[in-house]
Amino acid sequence: MAESGTWEPKIVAFLCNWCSYAGADLAGTSRMQYAPNVRIIRVPCSGRVDPFFILSSLQKGVDGVLVSGCHPGECHYLTGNYSARRKFALLKNLLEFAGIEEGRVQFSWVSASEGVRFAKVIEKMTAQIRDLGPSKKLVKTPPRGPLHAAVNKRFESVLTDRPPHPAPSPRDGGEG
Amino acid sequence: MSEMPSMETFVTTEIRETAGDLLRKNKVQVVIGFERGSIPLRSRPCFVRSEKDIDRLVWDGFCENSVARYVAKRDEKMALVAKGCDSRALVELIKENQVARDQVIIIGVPCRGMIDRSRVEALVAPRRILETEEKEDLLVLKGSDFEETVPRSDLLCDSCRTCTHPNPVLADILVGEPVVEEDQDPFDDIEAFDAMRPDERWAYLRNEVNKCIRCYACRNACPLCYCPECFVDTTLPQWIGKSTDTSDTMIFHLVRAYHLAGRCVACGACERACPVGVDIRKLNRKLLKDVRDFFGYEAGLSLDEACPLATFCPDDPEAFIMNP
Amino acid sequence: MKNPYVPFPMRIEDIIVETEDENVKTFDVSFVGKEDEEQFVYTPGQFAEISVFGKGEAPFGMASTPTHPGRLEFSVSKIGLVTGALHQMESGDVVGVRGPMGNGYPLETFKGKNLILIGGGFGFSTLRSLTNFILHDSNRGAYGNLTVIYGARKPGLLLYKKDLGAWQQRGDLQLHLTVDKGENGWQGHVGFVPDVTRSVGPNPKDAYAVVCGPPAMIHFSLPVLKELGFQDEKIFLSLEMRMKCGIGKCGRCNVGSKYICSDGPVFSQAELTQLTGEAHF
Amino acid sequence: MFSSARIVRKDRLEGFLERLLEDREVFAPVRKGGLVTLEMIDSVRDVILEYENTKESPKAAVFPQRETLFGYQAEKGKVALDVPRGKEKEQVLFGIRPCDARGLLLLDRVFGGDCGDPYYAEKRAKTLVLSLGCVNPNPTCFCHSMGGGPCSPEGSDLFFLDLGDRYMVEVGSDKCEALLEDEAFEDADEKSLALSEKIRKETEASMTPLALNENLKEHLGRLFDDPAWNALAETCLGCGICTYLCPTCHCFDLCDEAEGGTGERIRVWDSCQFPLFTQQASGFNPRPTVKERFRQRIMHKFSYLPETQAMLGCVGCGRCVIECPVNLDIREVMTSLSEGTVPA
């Protein structure tokens with residue numbers, strides 16, 4: 001994925017619908033500049049973010065994962081972010097304990113009115129991930145797919161390249 | 001022999017009497033305890049349903065399994081021969097509504113720590129042990145042409161070395177004398193590991209999980225892994241692949257440990273079950289430490305205290321939250 | 001050695017939504033390779049493993065009949081990973097197919113005999129194949145009377161409505177449709193398949209019964225057939241297990257000394273009663 | 001067979017192994033992180049021959065835990081697909097135990113037959129089994145009760161038996177002709193033959209046979225619905241240790257690992273002890289509890305496989321006995337079932 005010089009970090013951000021997503025929206029409508037490396041996934045609440053969202057992102061080769069929700073005390077569902085905070089405190093420490101670089105997975109609070117803050121969070125995180133370089137540790141070796149180096153002639157190899165929509169062949173209506 | 005009967009012999013007798021009494025009076029349908037195993041250095045779980053079978057029950061330094069593992073989703077009324085860790089697991093299971101408090105009678109046994117058979121085997125290898133005998137703080141190992149006496153404390157399981165609650169925290173009947181407890185687990189091993197460089201930590205764990213054959217013995221031996229459908233078995237979505245790919249296996253171990261955060265009672269059943277010696281405890285202990293440091297919680301100690309991930313405090317630590 | 005794990009490609013030509021809840025679709029697929037078509041010789045009751053590349057593979061009985069060459073039909077109930085993915089596919093998409101697998105219905109045994117086909121719900125697909133096979137001009141004379149008893153939970157869940165309509169117009173087959181719960185406009189039976197079987201009361205003389213459906217339906221149909229005088233040798237069942245490899249190796253569908261995928265999926269009740277294992281209804 | 005017997009002096013074994021390594025992949029027991037495992041070796045020095053048995057069985061050499069069946073790339077209306085190239089080099093399993101060598105014979109039957117498995121067959125054809133007899137079997141071993149023996153050459157292409165300063169080598173197949181030309185082999189003398197026969201007899205005599213029902217297959221068939229299974233399986237945790245470490249267990253799953261339409265169809269080990277093994281997509285499971293799954297494992301090994309493959313599905317290696325976390329001992333299970341009364 002990474003050729004030196006051309007590599008750009010890929011960051012996935014799970015943003016709560018009520019605060020951080022709105023904050024991102026505000027940053028966008030206010031035409032604030034921030035790094036284009038982030039892909040946003042809207043979730044109902046930071047409490048909705050299953051650790052698997054984060055781990056699967058890393059497994060698929062994402063370089064950084066951000067989870068952002070409402071500031072404590074401002075959760076649309078009253079306590080979702082409080083619960084999330086406990087979960088993430090443990091998860092972040094566990095991942096770093098396992099050797100995942102500090103900063104790959106981050107958490108922040110951004111309210112609906114904090115477009116500037118959102119842009120700064122993304123800028124800061126992108127810079128940090130850029131320093132860390134491409135994520136490698138949890139990345140699952142991508143499937144090698146077809147026709148990789150060795151096609152064994154002793155086994156059959158199937159290849160089809162008929163046009164996608166052939167003329168429909170007449171259906172035998174004999175038996176209904 | 002004029003020697004005093006060992007603590008183990010004494011406890012065994014008491015357990016048998018208690019079990020017989022409970023069965024006779026129909027207070028329980030089954031007593032889940034331990035019996036002598038089929039090979040040296042092994043005792044194993046056993047289910048006693050009739051008074052005539054109570055002599056199967058034993059107590060010794062090899063009762064390493066978790067009897068709490070068997071209580072979830074069982075209809076019978078049970079009596080359980082519970083070590084300190086088993087009683088802590090039962091506390092959690094009761095709190096998580098997997099078993100009703102009045103469905104179990106806990107025969108608590110203060111635990112001197114269980115003996116790690118791999119340590120014993122390594123000690124005498126390549127000679128084979130045919131028989132063992134526990135004498136106070138010593139373990140006598142007997143083979144066909146040797147006899148060796150070793151301090152018990154040299155042979156304890158890792159989880160027993162760091163155990164701070166060897167006495168049952170919840171018991172209806174206590175058998176045997178309470179043992180001295182350590183004040184606090186210093187988590188030296190975790191601090192030392194944390195002091196390593198991230199790449200070293202990763203390399204170590206990667207090497208560990210690469211041994212894993214995905215037999216799920218760690219999960220199945222765990223008294224608190226009772227989910228009807230485990231995350232490794234879901235297909236929609238399928239979170240992790242089924243092969244022994246390093247990334248999949250690492251995620252399995254990370255999430256297995258994480259799902260036990262605030263619930264793990266540090267019994268070590270997972271690690272003892274592992275056939276290939278994966279250092280499973282490393283992740284569990286990290287979470288034990290963090291749960292204690294962050295939320296001041298230790299699992300299995302009280303029936304009233306809420307599970308740490310089922311509650312929160314407005315002023316929970318949040319130094320990890322990023323501020324731009 | 002031919003590699004039994006490698007599927008050949010087939011193209012989806014048409015997709016028919018079978019049920020009102022849209023949970024069952026029938027996929028009409030054509031062979032891409034001439035050679036694959038020539039090698040795919042099957043009888044009703046056999047099945048094939050269908051691959052959705054990127055998702056996996058699942059077994060389906062052929063709902064089509066060999067009298068309709070060049071095409072295969074598979075009815076797919078949306079229930080898991082592979083079936084969910086199949087339901088999202090469109091005409092023109094390519095799936096992988098391995099097969100035909102299994103033994104199929106014993107057509108030779110059935111020749112000259114009266115047949116009672118009893119099916120329930122989604123398990124009707126291979127019975128549809130068998131019915132259409134027998135009704136084909138080139139085969140109809142070889143078999144005796146044909147009775148089809150087919151039930152679903154409600155009218156909207158009956159499959160193959162076009163076929164059912166055509167069958168009702170024919171004089172050479174008795175069709176009894178039933179639903180567990182009737183709805184406005186429903187003119188057939190209301191009741192469970194075993195009860196309808198009892199009231200239809202097929203004559204066991206020179207007759208075979210074929211049962212395919214959910215375990216509960218099989219469980220309650222067998223005593224009815226026995227009551228009517230059908231001996232175990234005259235009752236055939238098509239079983240379902242979680243077949244994976246389809247060639248009797250992976251072990252999932254092992255029941256007693258048999259593999260449902262390669263020794264079955266069609267067994268006589270006489271065979272099953274002899275068999276140790278979970279195949280007792 | 002003895003006419004073709006050879007001997008290898010112990011000081012010449014290392015040279016033989018080194019020559020094997022020159023153009024073959026050699027798997028041998030090595031000590032790795034406190035365990036003895038069968039590994040592909042780079043150096044003969046790593047090999048240990050003073051060991052009871054390897055932690056895992058050698059089946060992975062011919063039936064890997066994960067194996068790519070084919071790769072594919074699917075797009076709208078198109079699919080390209082290919083099968084990975086097979087093994088180039090011959091592989092030698094050196095120093096595996098006679099029980100495990102016999103285990104391969106069962107796999108041969110399962111993966112061979114009318115509908116052969118090309119992946120297995122291809123690896124197996126390039127595999128040479130050089131087993132090492134057991135002169136000091138572990139108390140958990142019961143090969144002798146399962147039709148094999150601690151010094152049985154069955155299933156081995158070459159069978160080595162330790163005679164002190166030399167190995168007796170029996171030739172079990174004609175796959176090793178090239179190997180036997182190696183300078184390490186000498187013709188066996190009468191004294192060595194006599195000694196090896198003595199050791200074989202003594203070792204076999206040292207093992208206590210299990211008291212098993214003589215018509216185990218039929219007997220178990222009658223016990224299928226016996227309530228005894230409840231008690232037998234009661235402590236079972238339902239993990240996969242016994243099946244994954246077993247030299248004959250061969251159940252597998254096929255799955256796809258892919259991103260979009262590009263990926264691989266892989267085969268991975270699976271276990272009849274896992275609920276998902278038989279659970280259908282609808283949620284229905286013909287083997288819903290540990291009892292049914294435990295019974296399946298026993299029945300498959302001792303009743304079904306003897307019927308379909310004319311061979312027990314157990315070679316008595318004892319791995320499941322040693323490694324079961326709750327010491328659920330298959331020997332006790334079989335003895336108890338053998339005694340079991342048959343319901344009327």
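This report describes parts of chains B and C of a predicted model.

## Basis of the description

Residues are numbered from 1 along each chain as its sequence is written, while chains are lettered from A and ligands numbered from 1 in the order in which they are written. Because the model is predicted, local features need pLDDT of at least 70 and side-chain atom pairs count only at pLDDT 80 or more, whereas totals for chains, interfaces and linings use all residues.

## Chain C as a whole

The secondary structure of chain C comprises nine helices and 15 strands (DSSP runs numbered from the N terminus: helices are H or I with at least four residues, strands are E with at least two). For 281 residues, a compact globule would have a radius of gyration near 19 Å, and the 18 Å of chain C agrees with this (taken over C-alpha atoms; the globule rule is 2.2 Å times the number of residues to the power 0.38). Along the principal axes, the C-alpha atoms of chain C fill a box of roughly 50 × 45 × 35 Å.

In chain C, 54% of the 281 residues count as buried (20 or more other C-beta atoms within 10 Å of the residue's own, with C-beta atoms placed from the backbone). Of the contacts in chain C with a separation of 6 or more, 70% join residues 24 or more positions apart (a contact requires C-beta atoms, placed from the backbone, within 7 Å).

## The open sheet of chain C

Strands of a sheet pair through backbone hydrogen bonds, either parallel or antiparallel. In chain C, six strands form an open sheet in the order 4-3-6-1-2-5, with antiparallel pairing (two strands pair if DSSP finds at least two bridges between them). Its edge strands, strand 4 (56–61) and strand 5 (71–77) of chain C, each pair on one side only.

Strand 3 (residues 47–52) of chain C pairs with strand 4 of chain C over six bridges, in the antiparallel sense. C:Ser51 stands opposite C:Glu57 in strand 4 of chain C.

## Helix 1 of chain B

Helix 1 of chain B (residues 7–24) has 18 residues, which should span 26 Å at 1.5 Å a residue; its end C-alpha atoms are 26 Å apart, in agreement (the expected span is 1.5 Å times one less than the number of residues).

Among the buried residues of this helix are B:Met7, B:Val11, B:Ile15 and B:Leu22. The elements covering the buried residues of helix 1 include strand 1 (30–36) and strand 2 (43–48) of chain B. Just after the helix, B:Asn26 takes a positive phi of about 60°.

Technical notes. A residue is buried if 20 or more other C-beta atoms lie within 10 Å of its own, exposed if 12 or fewer, and partly exposed in between; C-beta atoms are placed from the backbone. Two residues are in contact if their C-beta atoms, placed from the backbone, lie within 7 Å.
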